[in-house]
Amino acid sequence: MHNGTSITQFIIEEQRHMTGATGDFTSLLNDVVTACKVISNLVNHGALVGVLGSAGSENVQGETQKKMDILSNDVFLKSNEWAGHLAAMASEEMDDIYPIPEKYPRGKYLLTFDPLDGSSNMDVNVSVGTIFSILRCPGGGQAPTERDFLQAGTQQVAAGYALYGPSTMMVLTTGNGVNGFTLDQNIGEFILTHPNMTIPADTREFAINASNMRFWEPPVQRYVQECLDGTDGARGSDFNMRWIASMVAEVHRILTRGGIFMYPVDSKMKEKGATGKLRLLYEANPMSFIVEQAGGSSITGTQRILDLQPESLHQRVPVILGSKNEVERVLSYHTQD
């Protein structure tokens, strides 16, 4: 008998302490967990089943879709459409919302997800992951529309990600702190291994794509330059730089040991009319919820991400998140200008 707490047991016990909790939410989270187990299996055997590489189609954002992205998207839809907990789903990989098919019962929740974040890294075997967010559907969920999904991040009921790395992990918040679970391959269960994950307020580690430095706005240039100047500069301390180019892996490192992750808006994006790179509903909101629940901060540069009112399903935003004191420093540089 395994003596660790399984994720199912953990969710059920956590829900017991909530007022008016039904088994509905617990079952929904369970279906999400199942989807992530299936994707973990696909990812781990990717090269064997010939699903690495491009599918030859582009998603809404004009990025070439990897076969694995499409497979993972299908896994999420199929795992979550039948049980009666959801009214609709929205995915980074689909243009429009996915209302639950008529043949299945409809529930009161909405699910948004990025089925395979960092998938451009698949071919080089760098960690990828799944990000998800759960919202309540306004009006009971009978005829869900795109507008029902356009809720501020503060409205999220739960958010989490699965990381398919050397071990498969699931990190989850339901607004009551952040907990990490590791997939025990022998029993096929996620076991609680990282209770109460917290982000240290201070850090000497930053993650940004420094090749874009000349395109950044002055506050970000100033912050990064000070980090690079180390003990000789205004900060009087040396910093380490990281850049994995997989948001799940970056956030996971920050949750484990602190750090700041920055994907700021830059002049190159602005020329193309873009407001940022990461998607508000599928990446920025769920990750900001997790980071804040772990004691960190998450901003666009000038404001808190969770306060943003989404305007469209695939809206993009700049993201600066992680250790509170560093994020607040970046915020102060933006407000000084």
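I started with Arg222, which lies over the face of Tyr333, 3.6 Å from the ring centre. For that I took a charge as sitting over a ring if NZ of Lys or CZ of Arg is within 6 Å of the ring centre and within 35 degrees of the ring normal.

Notes on the source: this is a predicted model, with local features needing pLDDT of at least 70, side-chain atom pairs counting only at pLDDT 80 or more, and totals for chains, interfaces and linings using all residues. Residues are numbered from 1 along each chain as its sequence is written, and side-chain values use heavy atoms, leaving out hydrogens and water.

Next I looked up aromatic pairs (Phe, Tyr and Trp rings, the six-membered one for Trp, centres within 6.5 Å; stacked under 30 degrees between planes, edge-to-face over 60, the rest tilted). I found six. Phe206 and Phe239 are edge-to-face, at 6.4 Å centre to centre and 70 degrees between the planes. Phe206 is in strand β11 and Phe239 in the loop between α5 and β12, so the pair ties together parts 33 residues apart in sequence. Helices (H or I, at least four residues) and strands (E, at least two) are DSSP runs numbered from the N terminus.

I checked burial too (buried under 20% relative accessible area, exposed over 50%, partly exposed in between; 1.4 Å probe, protein chains only). Phe206 is buried at 1%, and Phe239 is buried at 12%.

Trp243 and Phe261 are stacked, 5.7 Å centre to centre with 5 degrees between the planes. Trp243 is partly exposed at 28%, whereas Phe261 is buried at 2%.
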